[in-house]
Amino acid sequence: MSEMLVLLGIVLAAISGLPGMLLNRHSTTGQWLTTALAVLGAALGLGGVGAFWTTGDSQPVVLPWSLPGGEFNVAVDGLSAIFLLPIFLISLLGNVYGLGYWKQTEHPQNGRKLRLFYGTLTAGMALLVIARNGILFLFGWEVMALSGFFLVTTEDDDKEVRETGWIYLVATHVATLCLFALLALLCAASGSFALVPLAPESLTPGTATAIFVLSLIAFGLKAGIMPLHVWLPSAHAIAPSHVSAIMSGVFIKMGIYGLVRITSLLPNPPLEWGGIVLALGVVSGVLGVAFAVGQHDLKRLLAYCSIENIGIIVMGLGLALIGRSLGRSDWIILGLSGSLLHVWNHTFFKALLFLSAGSVIHATRTREIDHLGGLAKGMPWTALCFLVGAVAICGLPPLNGFVSEFLIYLGLFGTLGDKEGPSFASAAFAAPALALIGALAVACFVKVHSAVFLGIARSEHAYHDHESSPSMIGPMGVLVVCCVLIGLAPLLIAPILGQGVSAWAPDLKDAGPRLTALAPLDWITFMGLVLIAALLFGGGVLWWRLRHSVVENSVTWGCGYAAPTPRMQYTSSSFAQMLVGLFSWALRPRTHKPKELPLFPQKTDFHSEVPDTVLDEAVLPAFHFGAWLFSWFRVLQRGSVQTYLLYIFIALIALLLWR
Amino acid sequence: MVQLLDPLLIVALALNFVALGVSRIRAVINAVALQGILLGIMPLFVHPEIGLRGILLVVVTIGLKGFVIPRFLTHAMREANIQHEVKPVVNFMSSLLLGAVGTGLAVVFSYTLPLADEHTDSLLVPASLSTVWTGFLMLTTRQKAIMQVLGYLLLENGIFLFGLLLLEAMPFLVEVGVLLDLFTGVFVMGIIIYHINREFASISTEHLTELKE
Amino acid sequence: MNTMIHNTIHILLALMMPPLLLGIIAKTKALFAGRVGPPLLQPYYDLVKLVQKGSVFSSTTTWVFRAGPVVGLMTAALAVLLIPLANSSAPITFTGDLILLAYLLGLGRFFTATAALDTGSSFEGMGAAREVTFACLAEPALFLGLLVLAKLSGSLQLSTMLGSSLGPHWMTAGASLALVLLSWFIVLLVENSRIPFDDPNTHLELTMIHEVMVLDHGGPAFGMILYGAALKLFVFGAMIVRLAFPLATGYPWLDWPIFVGGMLVVAVVIGVVESTIARLRLTHVPVLLVGACLLSAFGIVLLVR
Amino acid sequence: MIYLLILFPLTMAAVTFALPSNRWRPWLVPVAALGHLGLVVAVFFQPGDGAAVSGLGGWLMLDPLGKVVLGFLSVLFFLCSLYAPGYLALRSDRPNRVFCANLLVVLAMMTLVTLSHHLGLMWVAMEATTLASAPLLYFNHNARSLEATWKYLLIGSVGIALALFGSFFLAYSSLKAGLESTLLFDQLVQVAPKLSPQWLHAAFVLLFIGYGTKMGLAPMHTWKPDAYGEAPGIVGTLLAGGVTSCAFLAILRVWQICRAGAEAGFAREIMIFMGLLSMAVAAVFMVRQRDFKRMLAYSSVEHMGILVLGVGIGGPAVYGALLHLINNGLTKGVLFLSAGNIHRAYGSKVTDDVRGAIQRVPLSGALFLAGFLAITGSPPFGPFVSEFTIVNAAVGSGQFLAAGLFLLLLGIAFIGMGATVLAVVQGNPADHTTDNDYHDSIATSAPVLLFMALVLLLGLYVPPPLESLLREAAAFLAVKR
């Protein structure tokens, strides 16, 4: 039942772009047909997921497939379901949003292409999530990856877009090649490409480690775990916003899914694995948000913030792995539930933020934070949505981000160990790191929200602001509702998370504690409501006081300065300056300013940027060096036929002397 | 009659050195032609009891290797009106030396080869190897296209010499096929040389280094 | 029944006492300076006056500017309900309430800073920037300290972690607790923007943190901000007290006075510190905070080594 | 019947040559190709086994291996021939008499290679393909194509001469073993265990180098970039897909003899080494390659390497290699033909001038990009299946080093190729390149689309008949007789 619905949804999504391709580039019917198909498909898919959760039954669809080792085998289980929801939901919202954001009439060049690959991206992701056969998984993976490439390079007439797309393509292909090796090893161990848990005896430690490392590289590249994130920031920045939304919200989660799925197949993981994963999570989390603080490109900032949240998710997974190595079911449940829930939460608020950013960019035509300001008056709804997203992504109550981080905190504190059972206290140091991440996130989003929406417009870009069309606000509203709902009623999704966890660690299916027993989700609901009530009360009081007292308007108090101008406002860069300084050892900020200032003040300029350290100082140099090295081999092919004949002769002698 | 074979082979070897040592293309062509004729008659000495097909084969070989191909090459040479290989990659003295060394090695090497008993004391294998070596030398050290074609011919001759060891393995049809391919090959090369000459007003392969990395 | 009474006392104390702390601090400083100083109850008078005043709003601001004070006050008020005061559990206590505590204060900070930036004034921008930046370093210190307590008590409820069970541990793990105490006191100073991090009553905007954020607020809103700040001070003070004297006399009615006394001592200490230590250069602040983190980190290392 | 397979194209070639009209002549090529395809199908489904399709007293025989290659060649040639009229219509300025005739001669000779079970005969046919394809290379009659043809001819002939030498050694090895010397494939395989090892050893090296030159394995590949770079796209397809496959078939035959004989281990080592070497050389030269047709040539070198590597790895990889023979050939069809169209549209084949192909010639541009993704082994295209089969076999048989290097080199090749392809396809065409009357037409695009469709089909599923055919062939190779 649920499989059928999901498959149907996949097919519809995959073909949703075709009608548009057949119509001419100026007709708007294409975009309506596409959206209709995509929405229908997504609805079916969501229906399938819902059917799975309500009935809990799944009949795998198994068909023979004449590829060597291939078998068409799809099934929905707890994990798949958790990842399917974001896929279809964001695809649905993104398509609707696209109606207003990327009108065919405004983008005749690439509108059809974008919609086509938006559909295939959805289909690929959904397929890979329900695939139970390695080859099928690989198919879904690559369809997703290539669609992603074409979506990133939607506006390929721009040089920056081309370069970004290229970096992305290389990264994703490296990941694919690692997957080749990974699946081959799995097949060598288990004897088939079926994605089923391996028997402990079928696997030598060496093979197990190899599989683990390969999956870290392959899926880490996709998920954007620091330091494998090099493709991510620019790709999210230059793609159309609803593409960024699905890429950052769903696409990179496929890396997480892969990691979760593969780790679920490997029997009794060593303790180091969990430690490594946890450490990677901490690094991505802290450095990701630190880089985010330093950015002044709205979407680039959000992209780095995705790296941070991936870090949090990975921390949860690491905790769960540690729990499995030490047989601590409570750590498994808290860690994995937190991780999976954060997958959802990040999907919701990050998509929300990207969509709001898109609506800003659509209105002002710039991504430069320091050119914006004061938009809250022109586009109040966008501002509100962004604010909700910002509060949620900082993990602040009473919104959803808090819940998942809360679970992970509980697990991390748990690693201190109680009276009975083993402990792994060094993991507990991740808790302060998580606190640091939270505080940095607050700094980051205070900065971006205020700089974009509050204060006064800093440039003419921000003057022609206007609220976006309902087709763009609507999807944001839906996401706002999701954020609030999960934040206030986490109990609702506890069973869903439970299914996910038991799919990862089957022995916890019936035995072991429940999430509700380990974490006071009811208290979270209660406190959330209390908080809201308190805020309303306080607001009411203030409002009442202001009603009954003289209130006048005036200019901002400039501390006596006579002629303040918008350009004298604190810019986002200056806001972040101290923090960037604290992290300069990793961020390596670049500042451009005149050498020495003249005696008398005159017009000068200063600007600072935080480029990606790993990309600019490790990856690109390495590639250029390689190319330089290879260029030396060209002397072998100078065009003289005599030399060529000599090669043949040499090869002949060499092979004759081989043995 | 088999004892008459070795003198013929020695002559053939000598012709290799002529081909290596002289710069006049005409002379090289003649040397190769003569070698071709020698090769053509050799089957009679290897297998005295040779049948009609053998005779026919001999005639075809001599005709092609000894007369048709050389004529053709001479014609091409006239077309291109050049007489000499002016500056080879390796000068004539050194190429002679290389040829000598190669021949010596070939002889030594062929003694180490596990030959069938009836061939152990024959010069056939060393001659074949050294001729192949000579062909390679010409191919890799000569600038003029025609000289390279001649080198190719020498290479084929060397292989042909080895083929004499196992005439019965090579049916008539295949032999003829081989010869036919050889002829067509040279013919096409000749045409190309003609075009090269027309294109560059010279047949030196220095001009043919446009395509490279 | 009993808990009912205790909770009532808790709430009353938490709502009434905070401004007094400010008064005591001011008085202590005045004494050190050889002045008479304002009356102890001055902060109450100020609040009352502010609530009656009218207000002026900058035309650049939006509703966020008005929301700032409300959120700041309410989050602090809720935080107070999570802290055990006397030797009895807090009105609200559940596993992981410590995390809620930290994040409530975070929420408050988010909106106070945002409200400051809403004015578009560069001075308030500076203040907000400093506030959030220093918080980034204070949070880890707080959590490292919590790790120590969680390890000792084996529980994740503030009421237990800071409860009477803490007493014996001063014998066993005194060193760790002392380190945490020191580090938390530093956190208290920075979170409530006292000297050596900030000078509440300087008048050079360029050097201020908290005060400069609220430059544009006035009237009832400003009253809320002051009150919220006092509550926040109370929260941290209470944690310090519970950590320093986790006494369990067995007579609940004796514990309350002890606690109040402890709070007064803390206030005096703050006053002493403020009057004896010079204000740090802004660029040196992070060093001290990192130091605080290291103290607590050392504390936990001592425990789990 | 079996003679017809060879004689029909030859006669058609004669007819084509005789036909005076430069305009209508090209249409004979598809006709002949269709006929050939029909004959092949007829032969395949002819009742009875091998005996039914053999001739010249066992010199000609259609074994399962030959079936795979022959069937593939026939399809490939047919699709190419569909492209010919459209292409030659664009080149109506040039006489195409020799061109069309030689296309068919090449077809006949390739067919002969797949059929011949006599190594000497196979050699003759192989050399004939070289000679017959030389005029095809020279179609453009300019200095560059002249140079390319010269190198192709000379290097090819020398290499193939070595193959002849090797065949003689093979015969001699049987003579040395005291057997009556022969070059008949089946006899050799039977007596292989008795053959004198040293001679067999030398024979294998010579034959491998010789046919390897024809196949374009490094370091004997040097003619390839020049030849493929200067030849018309259709000829490139025919060489990269067809002639190289014939050479590979020859190597397979020799390998089979060695495998039956004492030299199996040695042969495998050589094949793995040379395969990886070819891939490495190709990868190195593809990086920063500005000329996209030369890049395709190097890609061909790379995939020849993959073929021999697969055979060297053995086991299921042999099946993978045979499948890859087909996938590679078809994908090369897509790439060479679309590259030809792009070349025609821009009048240049270096990335400095060629940009934004997907806007200038949308269909060819898109197909070129898709072909690139396919050839680099991305699912869901054919080459992925075969390449992955090879990796899997290597890992399965514990040859981790080979597998690792294979993947690494695939990665480098992808990077090298991708940079060039994207430079060609993406962006905006420079203004001066757009004033040219070429536009994608049915005639020049439909065949490419057909190629692409096949590649995609083979990626999504291997049709059962083909599956069984490949299995037979692999079994035929695996069995020791």
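**View 1. Helices H13(D) and H16(D) of this predicted model cross at roughly 155°.** The axes of H13 (residues 316-346) and H16 (residues 382-396) of chain D come within 8 Å; axes are lines fitted to C-alpha atoms over the stretch in contact, with angles from 0 to 180 degrees between N-to-C directions. Helices are DSSP runs (H or I, at least four residues), numbered from the N terminus. H13(D) is therefore roughly antiparallel to H16(D) (angle over 145 degrees). The crossing is left-handed (near helix turned anticlockwise from the far one by less than a right angle). Residues in contact have C-beta atoms, placed from the backbone, within 7 Å. Among them are Tyr319(D) and His324(D) of H13(D), and Glu387(D) and Ile390(D) of H16(D). The contact has eleven nonpolar, eight polar and one charged residues. Ala, Val, Leu, Ile, Met, Phe, Trp, Tyr, Cys and Pro count as nonpolar, Asp, Glu, Lys and Arg as charged, the others as polar.

**View 2. In chain C, H6(C) crosses H9(C) at roughly 150°.** The axes of H6 (residues 122-153) and H9 (residues 174-191) come within 9 Å. So H6(C) is roughly antiparallel to H9(C). This crossing is left-handed. Phe134(C) of H6(C) and Trp184(C) of H9(C) are among the contact residues. Nine are nonpolar, three polar and one charged.

**View 3. Chain A touches chain D.** Here 43 residues of chain A contact 45 residues of chain D. H7(A) gives the largest share of chain A's side, 14 residues. That side has 31 nonpolar, seven polar and five charged residues.

**Notes.** Residues are numbered from 1 along each chain as its sequence is written, and chains are lettered from A in the order in which they are written. In this predicted model, local features need pLDDT of at least 70 and side-chain atom pairs count only at pLDDT 80 or more, while totals for chains, interfaces and linings use all residues.

Notes:
Two residues are in contact if their C-beta atoms, placed from the backbone, lie within 7 Å. Helices (H or I, at least four residues) and strands (E, at least two) are DSSP runs, numbered from the N terminus. Angles under 35 degrees count as roughly parallel, over 145 as roughly antiparallel, 65 to 115 as roughly perpendicular and the rest as oblique.
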